[in-house]
Every structure is written in C-alpha cells, then in structure tokens.
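The sequence and the structure follow.

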Amino acid sequence: MRNFTSVNDLSPSFGGSLKGNERSSGEAIDTLVQTALACKANPFADKTLGTNKRIGCLFLNPSMRTRLSTQIAAQNLGMEAIIFNVGSEGWALEFEEEAIMSGNTVEHVKDAAPIFGKYFDILAIRTFPSLKNREDDYSELYIKQFIKYAGIPVVSLESATLHPLQSLTDIITISEELAKPTPSGDRKAKPKIVLTWAPHVKPLPQCVANSFSQWINAWGKADFVITHPEDYELSEEFTKGATITHNQEEALQGADYVYVKNWSTYNDYGKIYTNNPKWMLKEKRWSLTNNAKVMHCLPVRRNVELSDEILDGPMSIVTQQAGNRVWAAQAVLSEILRSNG
Ligand code: CP
C-alpha cells in the first residue's frame with residue numbers, strides 16, 4: 001500500500017473483476033482488520049519497524065482522537081510523530097494550479113509539499129470540506145495535491161469527503177463484537193448494520209457517512225441499511241448497494257449495529273433542512289433493534305445527536321470504538337512502512 005485515502009487504496013482490484021490471486025475487497029479489509037487486532041493484542045511487537053523514520057501530521061482542522069491515536073500508533077512502531085497545526089500555526093496554503101497568489105494564501109502546496117517530503121517518511125493530513133461548493137470539495141484537491149507533490153506516502157486523517165481511518169476502526173470494532181459468543185450460540189449469516197442520520201445544530205461534512213458506507217459496501221459482510229430524512233441522500237458513489245429508507249423505525253427493526261451520525265445535505269449542498277428531534281436515537285426506538293450495539297465516531301452533541309440514555313447505556317460501544325483508532329492507525333502505518341521500505 002502506497003497511500004491511504006480510501007478503501008480503494010487497499011487493493012487495486014476493488015470495483016473491478018478479480019484476476020488470478022488478487023484479493024476481494026472484503027478479504028483485503030479483513031486482512032487489515034487482523035493486522036489491527038494483532039497490534040491491539042501486542043502493541044510493541046513491531047517496535048523497531050519505524051526506527052529512524054518520521055511521520056508529519058498536518059492538521060488544517062481540529063482533532064482529538066485522530067491526532068492522539070496517530071501519534072500513539074507511530075510511537076508504538078518506533079516512529080517519531082511531528083504534529084503541525086498548519087491551519088492555525090502555518091502559512092496559509094494555496095492549492096489551485098496556476099493561481100495568482102495576490103489574496104490571502106502565502107505558500108503554494110507545490111512549494112511546501114516537496115519540503116514535507118524531505119523532512120518526513122510519511123505525510124498524514126487532516127482537512128475538512130468548505131461545504132460551500134460540492135464540486136470543489138468532492139474533487140479532493142487538497143489531498144490529491146499533497147500526493148502529487150510530496151513524493152512520499154500520504155495518509156488521510158479525514159479529507160473533504162472521506163474518513164478512512166475512522167471506517168477501518170468501525171469495521172475493527174464490529175469484527176471484535178462479532179467474534180464474541182452470543183447468549184444463544186446462534187449467529188446471523190450477515191449482521192444487520194444501520195447507518196442513521198441524527199440531528200445537529202451545525203452543517204457537518206458527509207465524510208464519516210460516505211466513508212462508512214463505502215467500507216461496509218466493500219466489506220460485503222452485512223445487510224446494510226441507511227436511514228435519513230428526505231433530501232439527505234448521500235452520493236450514490238458510496239451508498240450504492242445499501243438499502244435506503246426514510247423510515248427510521250423500519251430501518252431499526254432487528255438491527256445488530258446502529259451507527260449514528262449527522263451529515264448536511266448533499267444535493268442542495270451543505271445545508272440543514274431539518275433538526276427534527278424524533279431522529280435522535282432514544283431507548284424506545286432502540287428497543288426495536290436486536291439489542292443493537294450503538295456506534296458514533298465522536299465528538300457527539302449529547303441530547304441533540306444522541307441521548308444520554310443511549311450513550312451511557314450498555315448498548316453504547318463508542319469508547320471501545322474510539323480506543324480502536326490507535327490500532328487502525330498502527331495497522332495502516334505498519335503496512336505502509338512494510339511496502340515502502
Ligand atoms: N472521530 C474523529 O475523527 O475524532 P477527532 O475529530 O477528535 O479526531
């Protein structure tokens with residue numbers, strides 16, 4: 001693996017017909033999940049893999065989990081992690097080719113990225129969408145320009161449209177849960193996983209929902225349902241293959257995992273159309289599920305996006321999920337270190 005910006009970076013065969021001994025997308029995800037779980041079981045087994053290597057973590061936006069888990073993962077592999085809050089501490093970067101830089105931007109990514117390439121062995125970047133222009137955000141210009149000009153492997157710490165380290169974490173967490181014995185000893189052939197929209201006070205990116213949909217579809221091991229109010233459709237590029245319904249109660253029936261997340265509108269881009277509190281998951285609606293585990297990427301607005309009774313109840317696995325961010329990052333960094341020398 002050279003870069004890690006979406007599920008498609010795991011295997012060149014994703015989305016196409018398989019040839020010879022190429023792995024399916026589900027197998028490639030499972031292999032990475034197993035690597036992550038091995039890291040969790042023995043965090044320091046590869047403590048010299050990254051000796052004398054350095055990762056630069058560039059943050060154009062705030063973060064808690066992504067920042068700390070990536071730092072810890074790098075340290076577990078013997079690698080030095082340097083954090084640079086470009087958004088608040090660095091020069092304002094320009095990303096457009098042939099830009100006439102007479103405005104607020106001070107340094108072009110064409111000049112900055114090759115320097116990062118000299119200082120670091122891996123570059124990791126967090127950048128959010130503007131939510132003003134869908135075409136611009138979905139072009140993923142920022143991360144693509146870093147890949148083009150840095151000359152070293154690039155890891156997405158969340159981009160304008162995707163959050164792959166979060167999605168890998170989510171599948172690690174579901175896989176851990178699926179490996180636990182059930183009270184009856186029976187297990188469905190495919191768990192029912194529901195991604196449900198939740199209310200929020202601010203327009204949020206579609207990254208986590210897009211990415212979760214992309215990874216669960218590529219994994220191919222779940223009965224996957226997405227539920228949201230009308231006009232909150234996500235891009236079909238990521239949701240194709242899932243069942244989509246505007247009826248949350250119907251979606252929750254028999255669910256084994258419920259992933260709660262707000263996102264702003266995709267078609268009339270970056271808007272809030274409704275904040276209907278009925279969409280906030282409470283125990284009454286949760287009781288329609290098959291004793292489902294409830295997930296959220298965090299941070300979460302309590303009693304707006306998710307109720308206290310769910311977050312503080314035994315059905316919530318959000319802390320386990322956030323803890324697993326370390327092992328997702330460690331699995332990805334170790335794969336990149338192994339394949340790029
Ligand atoms: N889930 C997540 O990416 O958290 P942070 O924004 O705190 O990194």
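## Lys188 and Asp256

In this predicted model, Lys188 has a relative accessible area of 41% and is partly exposed. Its salt-bridge partner is Asp256, with 2.7 Å between the closest N and O atoms.

Asp256 has a relative accessibility of 13%; because buried means under 20%, Asp256 counts as buried.

## Arg338 and Asp46

A salt bridge also joins the side chains of Arg338 and Asp46, at 2.8 Å from N to O. Arg338 belongs to helix H14, whereas Asp46 is in the loop between helix H1 (25-41) and strand E1 (54-59), so this pair ties together parts that lie 292 residues apart in sequence.

Both partners are partly exposed: Arg338 has 45% relative accessibility, and Asp46 has 27%.

## Other salt bridges

Across the whole structure, a search finds 13 salt bridges. One of them pairs Asp268 with Lys271, where the closest N and O atoms are 3.3 Å apart. Asp268 is partly exposed at 34% relative accessibility, and Lys271 is partly exposed at 36%.

Glu97, Lys110 and Lys148 are linked by salt bridges into a network. Side chains of opposite charge can pair when their charged atoms come close.

In soluble globular proteins, nonpolar side chains tend to be buried together. The largest nonpolar core here has 58 residues, and the members that touch the most others are Phe4, Ile29, Ile55, Val155, Ile193 and Ile216. Helix H14 (residues 325-340) supplies the largest share of this core, nine residues. At least three residues of the core come from each of domain 1 (7-162 + 324-339) and domain 2 (167-323).

Which residues is Ile193 in contact with, leaving aside its neighbours within four places in sequence? They are Ile174, Phe212, Ile216, Trp219, Ala222, Asp223, Phe224, Val225 and Tyr257.

Conventions: Residues are numbered from 1 along each chain as its sequence is written. This is a predicted model: local features need pLDDT of at least 70, side-chain atom pairs count only at pLDDT 80 or more; totals for chains, interfaces and linings use all residues. Side-chain values use heavy atoms; hydrogens and water are left out. A nonpolar core is a set of buried Ala, Val, Leu, Ile, Met, Phe, Trp, Tyr and Cys residues joined through side-chain atoms within 4.5 Å. Buried means under 20% relative accessible area, exposed over 50%, partly exposed in between (1.4 Å probe, protein chains only). Helices (H or I, at least four residues) and strands (E, at least two) are DSSP runs, numbered from the N terminus. Domain bounds come from an automatic or database domain assignment. Contact means heavy atoms within 4.5 Å. A salt bridge is a side-chain nitrogen of Lys or Arg within 4 Å of a carboxyl oxygen of Asp or Glu.
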